[in-house]
Amino acid sequence: MDAHRRPLMDRTPALLVEGYAWLPNRMRDSTGSVLRTRLLGRPALAVRGPEAVRFFYDESHVHRHGAVPAPVLDTLFGQGAVHTLDGAAHRARKELFLPLLEADRVARLTDHVTAAWDEAVRTWSGRERVVLFDEAAVVLTRGVCDWAGLPPRAVDAELLARDLIAMVDGFATPGPRHLRARRARARQEARTARLVEEVRAGTLAAPADSMLERVARHRDPAEGLLDSRTAAVELLNVLRPTVAVSWFVAFAAHALHRWPAHRERLRGGDGAYATAFAHEVRRFYPFAPFLGGRTVTELTWHGQSVPAGGILLLDVYGQNHDEELWGDPYDFRPERFLDRPPAPDELVPQGGGDPAAGHRCPGERVTVGLLESLAVRLARLDCTVPEQDLRIPLRRIPTRPRSGFVVTGVRAP
């Protein structure tokens, strides 16, 4: 039997135990850029590197329909989401999210969030302690809901923030976190679907061309008007990833605490440095461990093959820490992105490819824009960082500082 046809042991249990290190460790033990394995009962091929990113995002190689496990759909993305579509259907649905690629709209969203942040900071000065991860989630929720056109009467920002965080926090693990994520999704899909129905019935006026209005009116070419539940799923797929920037806010605070020399340059308002800092936070800290798709046909990469119906994995965490790409991947050094902007298929914390037509996250510009502005505000925040557990466990997906990053003695500007 050929080596690439031999049965492989399923490595799903090892993934659950090892977390982010699971795939990079096995890639290192193989050739370093390609690995045959087995995941979720299917043969899998894991790849890494800029060429591999282009290989992974070739629609003739990989389909998303049927590739995303049901537990992930029921928590992170939602049933019927754009992430499950391919070809023309995917491109048509993706038009909903194109405003996230427009610089002026990203700027307006950033303005909404930073206004909510500045207002929140004024309240923190009267509190004994503030958990930045939790507070950032509420700030981001308020900002994105205002920007998306959701009426204030319909938004309990603290409850919605908890639910959106739960959807992300519980997608990759069994047990209580996963159950919380399912309950959160069911609750918010129902509430958001009611908003969509009110817009369609004319009992709620959505601002023209807002995300709420766009989702309520969107028609797929084949299916017509989205059912209200699918429309809710897609609106949540704007709110949820925006609020997930909370992870990067906590990581940015962690970086500024660990390497305080970066504070002065950010405080001074150096825009290019803020952008470089945002990129380095996204590269250095762990968020998505890998991405996967279902193979359309038998594929071969660097001499290793996977059959049709198998899984093609893109090693995101491993690529963002690849010594061949970054030279010193475990040094936190924003200056690397001052020398040159990151090539689109090199830095892939939110996927690769074309965000307008492909499966790269269209909210990547939002993430960078928000992180630029909030990093400057974090650098200027007058507070004390008390003793706490700031370890970031790589076995937990998604991970974050264990304490959530606590600050005390906040002094309002």
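These are my notebook entries on one predicted protein model.

**Ground rules**

I number residues from 1 along each chain as its sequence is written.

**Entry 1: the whole chain**

I started with the secondary structure and found 18 helices and 12 strands in the protein chain. Here helices (H or I, at least four residues) and strands (E, at least two) are DSSP runs, numbered from the N terminus.

Next I looked up the radius of gyration, which is taken over C-alpha atoms. It is 21 Å, close to the 22 Å that the globule rule gives for 413 residues, so the chain is as compact as a globular protein of that length. The globule rule is 2.2 Å times the number of residues to the power 0.38. Along the principal axes, the C-alpha atoms fill a box of roughly 70 × 55 × 40 Å.

How much of the chain is buried? I noted 55% of the 413 residues. Buried means under 20% relative accessible area, exposed means over 50%, and partly exposed is in between (1.4 Å probe, protein chains only). The chain exposes about 17400 Å², and carbon and sulfur atoms supply 51% of that. Those areas come from the Shrake-Rupley method with a 1.4 Å probe; for residues, only the protein chains shown count as cover.

I also checked contacts, meaning heavy atoms within 4.5 Å. Among contacts with a separation of 6 or more, 72% are between residues 24 or more positions apart.

**Entry 2: aromatic rings**

A pair of aromatic rings is described by the distance of the centres and the angle of the planes. The rule I used: rings of Phe, Tyr and Trp (its six-membered ring) pair if their centres lie within 6.5 Å; planes under 30 degrees apart count as stacked, over 60 as edge-to-face and the rest as tilted. By this rule I get 17 aromatic pairs.

One of them is Tyr 20 with Tyr 317, a tilted pair at 5.5 Å centre to centre and 55° between the planes. Tyr 20 sits in the loop between α1 (12-18) and α2 (22-29) and Tyr 317 in helix α15 (residues 316-320), so this pair ties together parts 297 residues apart in sequence. Both Tyr 20 and Tyr 317 are buried.

Arg 400 lies over the face of Phe 133, 4.1 Å from the ring centre. Arg 283 lies over the face of Trp 326, at 5.7 Å.

Is Asn 237 buried or exposed? At a relative accessible area of 5%, Asn 237 is buried, and I found it in helix α11 (residues 228-243). Its side chain makes a polar contact of 3.1 Å with the side chain of Glu 234. A polar contact is a pair of N or O atoms within 3.5 Å; within protein, one must be able to donate a hydrogen and the other to accept it, and residues adjacent in sequence count only if both atoms are side-chain atoms. A polar atom of the Asn 237 side chain also lies 3.1 Å from the backbone oxygen of Phe 77.

In helix α5 (residues 87-94), the buried residues include His 90 and Arg 93. The buried residues of α5 pack against β5 (219-220) and α11.

Which peptide bond did I note as cis? The one from Ile 397 to Pro 398, with omega near -10°. Pro 398 is in the loop between β11 (382-384) and β12 (406-411).

Asp 209 is not a glycine, yet has a positive phi of about 65°. At 33% relative accessibility, Asp 209 is partly exposed. His 302 has a positive phi too, near 50°, and is exposed at 54%.

Terms used
This is a predicted model: local features need pLDDT of at least 70, side-chain atom pairs count only at pLDDT 80 or more; totals for chains, interfaces and linings use all residues. Side-chain values use heavy atoms; hydrogens and water are left out. A charge sits over a ring if NZ of Lys or CZ of Arg is within 6 Å of the ring centre and within 35 degrees of the ring normal.
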